[in-house]
Amino acid sequence: SDPMFDNLKGFPASSMVADMMSLIVNKQTTLHEVLVKIDKYDKYRDYEDEIQALMNMVAKYGRDNQKLTYDDLLLDMNELLANDNICRSVAMRFEYIMVDEFQDTNNLQEAIIWKLHQFNHNIVVVGDISQSIYAFRGANVANLQNFGSKMGNRTEYVLNENYRSTQEILDAANAVMNKNVRTWKYHDMISANDLHGEKPTIVNVADSYRETDTVIDMIDKTT
């Protein structure tokens, strides 16, 4: 307990403070930026000093007790790789460095990759800009969007063959994407095995329970 935090009405819950701390690390930003630019934290702006003090206390406790969070591991690795000798030693241990789901990397993770790239140019990234859904955790889809221009000399492979769906389903998905995509080049998905079937059906339901019942009914009718 600390007198600073006594009688603070509306102070964020510990889980909310933890989320802020993680965003600050992964987006490589500041508490002020998080409070100002992310809507759900805006209501805590008046407590900026107290939140920062609490974060400092948590960080000190971790250092004093040799406890590391996942975010701490990324921070410490990034700091270690700032030493060229260490970075070269780590980078040259691998013939290739591959990063999967690159659209979900955050700014700190990207910084680590580019440090390694100084000494190992065999960087392979795999990703899908259309599947970037973790911005709320600090993911930055621009890491993938800008990878080609940052890398310079590279080979790009477009993996747009789908092994799961019929072409009719993919046509519907392609139509939605081509109508709404504005910030990157979308490559139409095609059925790898030239599979065909019925066109997708749109069913409006009242809630998730009715949705489940509808799916079960449709399965029953086809079996």
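Let's start where two helices touch: Y70, L74, L75, M77, N78 and L81 in α4 meet L108, Q109, A111, I112, K115 and L116 in α6, where contact means heavy atoms within 4.5 Å. Sorted by class, this contact has 9 nonpolar, 2 polar and 1 charged residues. Here Ala, Val, Leu, Ile, Met, Phe, Trp, Tyr, Cys and Pro count as nonpolar, Asp, Glu, Lys and Arg as charged, and the others, Gly among them, as polar.

This is a predicted model, in which local features need pLDDT of at least 70 and side-chain atom pairs count only at pLDDT 80 or more, while totals for chains, interfaces and linings use all residues. Residues are numbered from 1 along each chain as its sequence is written, and side-chain values use heavy atoms, leaving out hydrogens and water.

The two helices pack at an angle of about 30°, with axes 10 Å apart. That makes α4 roughly parallel to α6 (angles under 35 degrees count as roughly parallel).

| Helix | Residues |
|---|---|
| α4 | residues 70-81 |
| α6 | residues 107-117 |

Now for the largest nonpolar core, which has 20 residues. Such a core is a set of buried (under 20% relative accessible area, 1.4 Å probe, protein chains only) Ala, Val, Leu, Ile, Met, Phe, Trp, Tyr and Cys residues joined through side-chain atoms within 4.5 Å. F102, L116, I123, V125 and F147 have the most contacts inside this core. α6 gives the most to this core, with 5 residues. Leaving aside neighbours within four places in sequence, L116 is in contact with L81, C87, V90, A91 and I97.

How values were computed: Axes are lines fitted to C-alpha atoms, for helices over the stretch in contact, and angles run from 0 to 180 degrees between N-to-C directions. Helices (H or I, at least four residues) and strands (E, at least two) are DSSP runs, numbered from the N terminus. Angles under 35 degrees count as roughly parallel, over 145 as roughly antiparallel, 65 to 115 as roughly perpendicular and the rest as oblique. Buried means under 20% relative accessible area, exposed over 50%, partly exposed in between (1.4 Å probe, protein chains only).
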